[in-house]
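Please keep the sequence and the model in view while reading.

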Amino acid sequence: MPEQVSTTAVVLTVNGETHTESLPANMLLSEYLRDHLHLTGTHVGCDTSQCGACTVLVDGLSVKSCTVLAVSLDESRIETVEGLAGPDGLHPLQAAFRARHALQCGFCTPGVLMTAAGLLRESPRPSPTEIRAGLDGILCRCTGYENIVAAVGEAAAAIGEAM
Ligand code: FES
Ligand code: FES
């Protein structure tokens, strides 16, 4: 007989929407987002904390969602790639990735975008070296790193000009 997993009550805010949930204690944040909320923009590439495709922001900090239990995030504010664009259109990161061809198959892109979004909040005008260091936990199997770094730099400049 399968072992019963206990559930825990949590309140999670995802892309500005508050969810009151009773979740299995062993549910990963990536599972919660993809399977429960159907926010499948968060990709799962390795499930072992290596590729970064599953990265989201939790209270403004980038987190690999395959490494954290959803029930541990009670009262947290979670942002996924689905919430990145605003009412006026693409986020500057998304616009720069499109303009710079900073994606090929696109599998890693949601995680790269969210990692970069967290980086630009901490460091609004990062140097190329700082961008590379900030994206260190991300693997792109298409290996388009040069364009990714350039796009993040362009987005930082665009955000700075708009302020
Ligand atoms: S799926 Fe989470 S780090 Fe690869
Ligand atoms: S664009 Fe294909 S894995 Fe990064």
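## Loop residues and a buried helix

His-101 is found in the loop between H2 and H3. This is a predicted model. The phi angle of His-101 is near 55°, which is a positive value in a residue other than glycine. With a relative accessibility of 60%, His-101 counts as exposed, because exposed means over 50%.

Glu-75 belongs to another loop, the one between E4 and E5. Its phi is near 70°, again a positive value in a residue other than glycine. Glu-75 is exposed, at a relative accessible area of 62%.

Ala-85 lies in the loop between E5 and H2. At 34% relative accessibility, Ala-85 counts as partly exposed. Leaving aside neighbours within four places in sequence, Ala-85 is in contact with Leu-90, His-91 and Gln-94. From Ala-85 to Ala-95 there are 10 residues in sequence and 9.6 Å in space, C-alpha to C-alpha.

| Residue | Relative accessibility | Class |
|---|---|---|
| Glu-75 | 62% | exposed |
| Ala-85 | 34% | partly exposed |
| His-101 | 60% | exposed |

The next element to look at is helix H3. It covers residues 109-122, 14 residues in total, and reaches 20 Å from its first C-alpha to its last, close to the 20 Å expected at 1.5 Å a residue.

Why is H3 described as largely enclosed by the rest of the structure? Of its 14 residues, 12 are buried, so the rest of the structure largely encloses the helix.

H2 and H3 pack at an angle of about 130°, and their axes are 10 Å apart. That angle makes H2 oblique to H3. The crossing of the two helices is right-handed. On the H2 side, the contact is made by Leu-93, Gln-94 and Phe-97. On the H3 side, Thr-109, Val-112, Leu-113, Ala-116, Ala-117 and Leu-120 take part. By class, the contact of H2 with H3 has 7 nonpolar residues, 2 polar residues and no charged residues.

Notes:
Residues numbered from 1 in each chain as written. Chains lettered and ligands numbered in written order. Predicted model: local features only at pLDDT ≥ 70, side-chain atom pairs only at ≥ 80, totals over all residues. Heavy atoms only, no water. Helix = DSSP H or I, 4+ residues; strand = E, 2+ residues; numbered from the N terminus. Expected span 1.5 Å × (residues − 1). Buried < 20%, exposed > 50% of the residue type's maximum accessible area, 1.4 Å probe, protein only. Contact = heavy atoms within 4.5 Å. Axes fitted to C-alpha atoms, helices over the stretch in contact; angles between N-to-C directions. Parallel < 35°, antiparallel > 145°, perpendicular 65-115°, else oblique. Left-handed = near helix turned anticlockwise from the far one by under 90°. Nonpolar A, V, L, I, M, F, W, Y, C, P; charged D, E, K, R; others polar.
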